[in-house]
Amino acid sequence: MPDHFRRKGVATEWADANRPGSPTGCFIEGPSFDAAGNLHVVDIPFGRIFRIAPDGTWTLAIEYEGWPNGLKIACDGRILVADYRHGIMELEAKELKMRPVLTS
(Lines give C-alpha, C1' and ligand atoms only; values in the text may rest on other atoms or scores of the structure.)
Protein backbone atom coordinates (compact mmCIF):
# COMPACT_ATOMS: atom_id res chain seq x y z
CA MET A 1 0.00 0.00 0.00
CA PRO A 2 1.37 3.45 -0.86
CA ASP A 3 2.55 5.33 2.19
CA HIS A 4 0.04 8.17 1.77
CA PHE A 5 -2.84 5.72 2.36
CA ARG A 6 -1.37 4.22 5.56
CA ARG A 7 -2.90 5.37 8.85
CA LYS A 8 0.03 5.61 11.23
CA GLY A 9 -0.65 5.81 14.94
CA VAL A 10 -4.44 5.52 14.59
CA ALA A 11 -6.16 3.14 17.00
CA THR A 12 -9.17 1.14 15.81
CA GLU A 13 -11.49 -1.32 17.54
CA TRP A 14 -10.52 -3.97 14.98
CA ALA A 15 -6.78 -3.57 15.65
CA ASP A 16 -7.33 -3.59 19.43
CA ALA A 17 -9.25 -6.87 19.16
CA ASN A 18 -7.13 -8.62 16.53
CA ARG A 19 -3.62 -7.20 16.92
CA PRO A 20 -3.41 -5.92 20.52
CA GLY A 21 -0.33 -3.82 21.11
CA SER A 22 0.63 -3.79 17.43
CA PRO A 23 0.38 -0.58 15.42
CA THR A 24 -1.80 -1.28 12.39
CA GLY A 25 -1.64 1.30 9.61
CA CYS A 26 -3.54 -1.01 7.29
CA PHE A 27 -4.51 -4.68 6.99
CA ILE A 28 -5.11 -5.73 3.39
CA GLU A 29 -7.28 -8.76 2.49
CA GLY A 30 -9.74 -10.03 -0.09
CA PRO A 31 -8.04 -9.58 -3.47
CA SER A 32 -10.23 -9.90 -6.56
CA PHE A 33 -9.76 -8.81 -10.19
CA ASP A 34 -12.44 -7.15 -12.28
CA ALA A 35 -12.93 -7.63 -16.04
CA ALA A 36 -10.69 -4.62 -16.81
CA GLY A 37 -7.76 -6.13 -14.89
CA ASN A 38 -8.04 -3.89 -11.82
CA LEU A 39 -7.26 -5.54 -8.49
CA HIS A 40 -9.66 -4.70 -5.66
CA VAL A 41 -8.62 -5.15 -2.01
CA VAL A 42 -10.10 -4.30 1.38
CA ASP A 43 -8.44 -2.62 4.36
CA ILE A 44 -10.25 -4.18 7.32
CA PRO A 45 -9.54 -1.84 10.27
CA PHE A 46 -10.36 1.33 8.36
CA GLY A 47 -13.37 0.20 6.32
CA ARG A 48 -11.75 0.96 3.00
CA ILE A 49 -11.86 -0.64 -0.43
CA PHE A 50 -9.11 0.14 -2.94
CA ARG A 51 -8.79 -0.41 -6.66
CA ILE A 52 -5.31 -1.02 -8.03
CA ALA A 53 -5.02 -0.37 -11.76
CA PRO A 54 -2.91 -2.59 -14.02
CA ASP A 55 -0.24 0.15 -14.02
CA GLY A 56 -0.03 -0.09 -10.18
CA THR A 57 -1.96 3.10 -9.37
CA TRP A 58 -3.99 2.86 -6.14
CA THR A 59 -7.39 4.54 -5.85
CA LEU A 60 -9.60 4.67 -2.78
CA ALA A 61 -12.97 3.40 -4.02
CA ILE A 62 -14.84 3.90 -0.75
CA GLU A 63 -14.39 4.34 2.99
CA TYR A 64 -17.33 3.40 5.20
CA GLU A 65 -18.24 2.35 8.75
CA GLY A 66 -17.50 -1.36 8.54
CA TRP A 67 -14.83 -4.05 8.68
CA PRO A 68 -14.62 -5.45 5.16
CA ASN A 69 -12.85 -8.79 5.31
CA GLY A 70 -12.93 -9.84 1.68
CA LEU A 71 -14.62 -9.25 -1.62
CA LYS A 72 -15.58 -11.00 -4.80
CA ILE A 73 -16.44 -9.49 -8.13
CA ALA A 74 -19.37 -11.35 -9.66
CA CYS A 75 -19.62 -12.20 -13.36
CA ASP A 76 -22.08 -9.33 -13.79
CA GLY A 77 -19.55 -6.87 -12.30
CA ARG A 78 -21.19 -6.47 -8.89
CA ILE A 79 -18.68 -6.10 -6.05
CA LEU A 80 -19.79 -8.22 -3.08
CA VAL A 81 -18.10 -7.65 0.26
CA ALA A 82 -17.97 -9.86 3.37
CA ASP A 83 -18.05 -7.47 6.32
CA TYR A 84 -17.47 -8.45 9.98
CA ARG A 85 -19.91 -5.81 11.23
CA HIS A 86 -22.62 -5.80 8.60
CA GLY A 87 -22.73 -9.20 6.86
CA ILE A 88 -22.70 -9.38 3.06
CA MET A 89 -22.64 -5.98 1.41
CA GLU A 90 -22.54 -4.73 -2.16
CA LEU A 91 -20.42 -1.80 -3.27
CA GLU A 92 -22.54 0.27 -5.61
CA ALA A 93 -19.63 1.58 -7.64
CA LYS A 94 -21.57 4.23 -9.58
CA GLU A 95 -23.04 5.78 -6.44
CA LEU A 96 -20.02 5.01 -4.25
CA LYS A 97 -22.05 3.59 -1.38
CA MET A 98 -22.45 0.29 0.41
CA ARG A 99 -25.76 -1.57 0.31
CA PRO A 100 -26.66 -4.49 2.59
CA VAL A 101 -27.38 -7.77 0.80
CA LEU A 102 -27.55 -10.21 3.72
CA THR A 103 -27.22 -8.95 7.28
CA SER A 104 -26.65 -11.01 10.39
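Ile88, Val101 and Leu102 make a nonpolar surface patch of about 240 Å². Patches are made of residues with over 30% relative accessible area and no salt bridge, where nonpolar side chains (Val, Leu, Ile, Met, Phe, Trp, Tyr) are joined within 5 Å and like charges within 9 Å. Accessible areas come from the Shrake-Rupley method with a 1.4 Å probe, and for residues only the protein chains shown count as cover. This is a predicted model, in which local features need pLDDT of at least 70 and side-chain atom pairs count only at pLDDT 80 or more, while totals for chains, interfaces and linings use all residues. Residues are numbered from 1 along each chain as its sequence is written, and side-chain values use heavy atoms, with hydrogens and water left out.

- Ile88 lies in strand E7 (residues 87-92); strands (E, at least two residues) are DSSP runs, numbered from the N terminus.
- Ile88 counts as partly exposed because its relative accessibility is 32%; buried means under 20%, exposed over 50%, and partly exposed in between.
- E7 and strand E8 (residues 97-102) run antiparallel and are joined by five bridges; two strands pair if DSSP finds at least two bridges between them.
- Met89 has Pro100 in E8 as its bridge partner.
- The hairpin of E7 and E8 has four residues between the strands, and Leu96 takes a positive phi near 55° there.

**Salt bridges**

- Side chains of opposite charge can pair when their charged atoms come close.
- The whole structure holds nine salt bridges, each a side-chain nitrogen of Lys or Arg within 4 Å of a carboxyl oxygen of Asp or Glu.
- Lys8 and Asp3 form one of them, with the closest N and O atoms 2.7 Å apart; Lys8 is exposed at 59% relative accessibility, and Asp3 is partly exposed at 49%.
- Arg48 and Asp43 form a salt bridge at 2.6 Å, N to O; Arg48 is buried at 1% relative accessibility, and Asp43 is buried at 0%.
- Arg99 pairs with Glu92 in a salt bridge whose closest N and O atoms are 3.2 Å apart; Arg99 is partly exposed at 33%, whereas Glu92 is buried at 18%.
- A network of salt bridges links Glu13, Glu65 and Arg85.

**Asp83**

- Asp83 is found in strand E6 (residues 79-83).
- Asp83 is buried yet has no salt bridge, and the nearest side chain of opposite charge, Arg85, is 6.3 Å away; Lys and Arg count as positive and Asp and Glu as negative, while His and the chain ends are not counted.
- A polar atom of the Asp83 side chain lies 3.1 Å from the backbone nitrogen of Trp67.

How values were computed:
Buried means under 20% relative accessible area, exposed over 50%, partly exposed in between (1.4 Å probe, protein chains only). A polar contact is a pair of N or O atoms within 3.5 Å; within protein, one must be able to donate a hydrogen and the other to accept it, and residues adjacent in sequence count only if both atoms are side-chain atoms.
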